[in-house]
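Here is a short briefing on one protein model. Look over the sequence and the fold, then read the points below.

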Amino acid sequence: MTESFHRSGEYENPYEGQQQAPVNPEWPPPPAYAPAHAPHSKKRGRGPFALIAAVAIVAAAIGGGTAYGIQELTGNDTVASSSTSTAVVPSSQRGTVAGVAKAVSPSIVEISADSNAGSSTGSGVIITSNGEIVTNNHVVAGASQIKATTSDGKSYTAKVVGTDSKKDLALIKLENASGLKAATLGDSAGLQVGDQVVAIGSPEGLSGTVTSGIISALDRDVTVPTEEGQDQGQQWGQGQGQGDQWPFEFGGRQFNGDTGNDTTTYKALQTDASLNPGNSGGALIDMNGNIIGINSAMYSPTSQASSSSDAGSVGLGFAIPINTVKADLAKLRAGSTD
């Protein structure tokens, strides 16, 4: 120690008797006690502390808008994606269905597809501000003309960029689009049974319809057809009979028609959020506003002889996990036609 004490407890000044430097009255007063090695020690101490404080401030400033910032800084064709749950919904409305609907609805479109087999209505999710949209392959398979309508009523023609029938995914691109609100793709790996979710789409052509529920199960094997022409022209069309709706197989049983011979099976999220014909390709969203799935299939209890008015959601819907979508994006952008 540089300090010592007399036995009587009186303080001993180690610098007593040394010549003092002249003091300029305009100089600030020196510290009461500053040993020669202290400045070096304090600099080493302040460095890490200052760095930690700065990082904390930057993290706090970026936290709620990380995905938006990345998208704006790296270009319009960059997908806003988060490996954790990014807060897309304002803090005052976080965790509410109304908050999720308000924040995410501008990123959901209604898709109308015309083909030789007829016309169909589905949904899609905007993933870039210049009009890249993820939807189901079965929504646009074999389409000769595609139109997408945004939540504000603007209509665009669209072209298919790439398809992956094995995962029932497709990427389409709106023509002459800019300034659109892109959705944030979340992380489906962290989902748990019981997590609250919101679904947005265009059931029966009713655009912007919002429903809510929970994740009912994970990793469900859902089988869907891959061939064009297997009821794909009218799979989710309005006013069609059960045989014209999109067929799929679950648990060894076929629903909404015959899946045919050429099928593919993928792991799906199961939800009790109401899904109806037209929700296909729309978004399944967590309560922070992140897209965690692309809605793809529903169970309908109708039979071939039943009318379409008997069809409807009974709380058994299925969605493609968003991590599957993110892993497939590069392939879709490259123009895959699998």
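**The end of the last helix**

Just after α5, Gly335 takes a positive phi of about 90 degrees. Helices (H or I, at least four residues) and strands (E, at least two) are DSSP runs, numbered from the N terminus.

This is a predicted model, in which local features need pLDDT of at least 70 and side-chain atom pairs count only at pLDDT 80 or more, while totals for chains, interfaces and linings use all residues. Residues are numbered from 1 along each chain as its sequence is written, and side-chain values use heavy atoms, with hydrogens and water left out.

**Overall picture**

- The protein has five helices and 16 strands.
- Of its 338 residues, 43% are buried. Buried means under 20% relative accessible area, exposed over 50%, and partly exposed in between (1.4 Å probe, protein chains only).
- The accessible surface comes to about 17,000 Å². Carbon and sulfur atoms hold 51% of that surface. These areas come from the Shrake-Rupley method with a 1.4 Å probe; for residues, only the protein chains shown count as cover.
- Take the contacts with a separation of 6 or more: residues 24 or more positions apart account for 69% of them. Contact means heavy atoms within 4.5 Å.

**Helix α5**

- Helix α5 covers residues 322-333, twelve residues in total. From its first C-alpha to its last it reaches 16 Å, close to the 16 Å expected at 1.5 Å a residue. The expected span is 1.5 Å times one less than the number of residues.
- The buried residues in α5 are Ile322, Val325, Asp328, Leu329 and Leu332. Seen down the axis of α5, they fall within an arc of 145 degrees, so they line one face of the helix. The arc is that of the directions from the helix axis to the C-beta atoms.
- Ala327 and Ala330 are exposed, on the face of α5 turned away from its buried side.
- Cover for the buried residues of α5 includes β5 (132-135), β7 (155-164), β8 (169-174), β15 (291-298) and β16 (317-321).
- α5 lies across β5, β7 and β8, and runs at about 60 degrees to β8. Axes are lines fitted to C-alpha atoms, for helices over the stretch in contact, and angles run from 0 to 180 degrees between N-to-C directions.

**The barrel**

- Six strands form a closed barrel, in the order β3-β4-β5-β8-β7-β6, with antiparallel pairing. The twist averages 40 degrees from one strand to the next. Two strands pair if DSSP finds at least two bridges between them.
- Strand β6 (residues 145-149) pairs with β7 in the antiparallel sense over four bridges. Thr149 has Ser155 in β7 as its bridge partner.
- β6 and β7 form a hairpin with five residues between them. In the turn, Gly153 has a positive phi of about 90 degrees.
- β7 and β8 run antiparallel and are joined by six bridges. Val160 has Ile172 in β8 as its bridge partner, and Asp164 has Leu169 in β8.
- β7 and β8 also form a hairpin, with four residues between them. Asp168 in that turn has a positive phi of about 55 degrees.

**Strand β10 and its partners**

- Strand β9 (residues 196-201) pairs with β10 in the antiparallel sense over six bridges. Ile200 stands opposite Val210 in β10.
- β10 also pairs with strand β13 (residues 263-271), again in the antiparallel sense, over eight bridges.
- Ala217 sits in strand β10 (residues 209-225). Opposite Ala217 stands Gln270 in β13. The C-alpha atoms of this pair are separated by 5.0 Å, though Ala217 and Gln270 are 53 residues apart along the chain.
- Why does Ala217 count as buried? Its relative accessibility is 8%.
- Ala217 touches Val193, Leu269 and Gln270, not counting residues up to four places away in sequence.
- In a regular strand the side chains alternate between the two faces of the sheet.

**A buried loop residue**

- Asn290 lies in the loop between β14 (283-285) and β15.
- Asn290 counts as buried because its relative accessibility is 0%.
- Asn290 and Thr86 are 204 residues apart along the chain, and their C-alpha atoms are separated by 6.8 Å.
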